[in-house]
Amino acid sequence: MRGGRDEGPEHRGGSRLAPKSPRLPEPAIAEGVTGHELDRSVKNQLRTLSKENAEGVAQHLVMVATLLDTDIEAAEAHAETAVRRAGRVPAAREAMGLVAYRKGDWAKALSEFRTARRLSGSSHMLPLMVDAERGLGRLDRALDLAASPEARSLPLDERIELAIVVSGIRRDLGQLEAAAVGLEIPQLRPTASPKPWTARLFYAYAEAKLALGDTQSARDWFARAADADLEGETDADERLADLDGVHVTDLLEDLDDE
């Protein structure tokens, strides 16, 4: 009591007993999601957290991956929760960066990817960082980053993704021949068993050939991309139809209109 007035426990105990900030409600975890679905490398990052916090963050990271292609707002809520609970875990910052990248928030994506790289020492997000610089219109800076020593040390699949991004930048700059030549790598050869990058590589090369005015070659490569695109990552079928002069009608849309 002071001056006949009880000041309450938050004053008697000092600031240490008062909550620093109210706990925000967290988005719900889907039934069956345990967090064990994560790769071992990500699980290892979570070992710096308490067991309970690590399990919760893992579940939110799984939810980000699950929702990224279907509900970007929900994915963002889970990513924000993961960062709030584990801001110094690279995977959490990377998840937030991926959400921002999908939303076209290039500045935020770049910031989160840089933070993740600083925390982990890994440059595996470099292709997306270069693409984010491209999205910000900083094409020269994007090319400088793509030519950095870290880029040369990337594994094959990430070097191919980087080559695809750089080809797009060359087209933006009007360097059309360079855009095509940069993709003429051994992995461009059609094979019986497509790799994860095959459809995107063929598609990018088709785009480069089309920009050069080589419509027939572009058509051939869009067709190869469509054949290799087992996951529906590109719109190669639609681009091929456009080049063939085929108009695709959405019958379900027509029924909705009626």
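Phe 202, Tyr 205 and Trp 221 come together in one aromatic cluster. The structure is a predicted model, in which local features need pLDDT of at least 70 and side-chain atom pairs count only at pLDDT 80 or more, while totals for chains, interfaces and linings use all residues. Residues are numbered from 1 along each chain as its sequence is written, and side-chain values use heavy atoms, with hydrogens and water left out.

The structure holds 4 aromatic pairs, a pair being two rings of Phe, Tyr or Trp (its six-membered ring) whose centres lie within 6.5 Å, with planes under 30 degrees apart counted as stacked, over 60 as edge-to-face and the rest as tilted. One of them joins Tyr 203 to Phe 222 in an edge-to-face arrangement, at 5.2 Å centre to centre and with 70° between the planes. Because Tyr 203 lies in helix α12 (residues 198-211) and Phe 222 in helix α13, this pair ties together parts that are 19 residues apart in sequence; helices here are DSSP runs (H or I) of at least four residues, numbered from the N terminus. Tyr 203 counts as buried at 15% relative accessibility, and Phe 222 is likewise buried, with a relative accessible area of 0%, where buried means under 20% relative accessible area, exposed over 50% and partly exposed in between (1.4 Å probe, protein chains only).

Tyr 205 and Trp 221 form another edge-to-face pair, with 5.1 Å centre to centre and 85° between the planes. This pair links distant parts of the chain, since Tyr 205 belongs to helix α12 and Trp 221 to helix α13, 16 residues apart. Both Tyr 205 and Trp 221 are buried.

On the surface, Asp 227, Asp 235, Asp 237, Glu 238 and Asp 242 gather in a patch of negative charge. Such a patch is made of residues with over 30% relative accessible area and no salt bridge, like charges being joined within 9 Å; a salt bridge is a side-chain nitrogen of Lys or Arg within 4 Å of a carboxyl oxygen of Asp or Glu. Helix α14 (residues 236-243) gives the most to the negative patch, with 3 residues, whereas Asp 235 lies in the loop between α13 (215-228) and α14. At 30% relative accessibility, Asp 235 counts as partly exposed.

Elsewhere, Arg 170 is found in helix α10 (residues 156-172) and counts as partly exposed, at 26% relative accessibility. The C-alpha atoms of Arg 170 and Gly 182 are separated by 9.1 Å, the two residues being 12 residues apart along the chain.

Terms used:
Patches are made of residues with over 30% relative accessible area and no salt bridge: like charges are joined within 9 Å, nonpolar side chains (Val, Leu, Ile, Met, Phe, Trp, Tyr) within 5 Å. Accessible areas come from the Shrake-Rupley method with a 1.4 Å probe; for residues, only the protein chains shown count as cover. Lys and Arg count as positive and Asp and Glu as negative; His and the chain ends are not counted. The place of a charge is taken as NZ of Lys, CZ of Arg, CG of Asp or CD of Glu. Helices (H or I, at least four residues) and strands (E, at least two) are DSSP runs, numbered from the N terminus.
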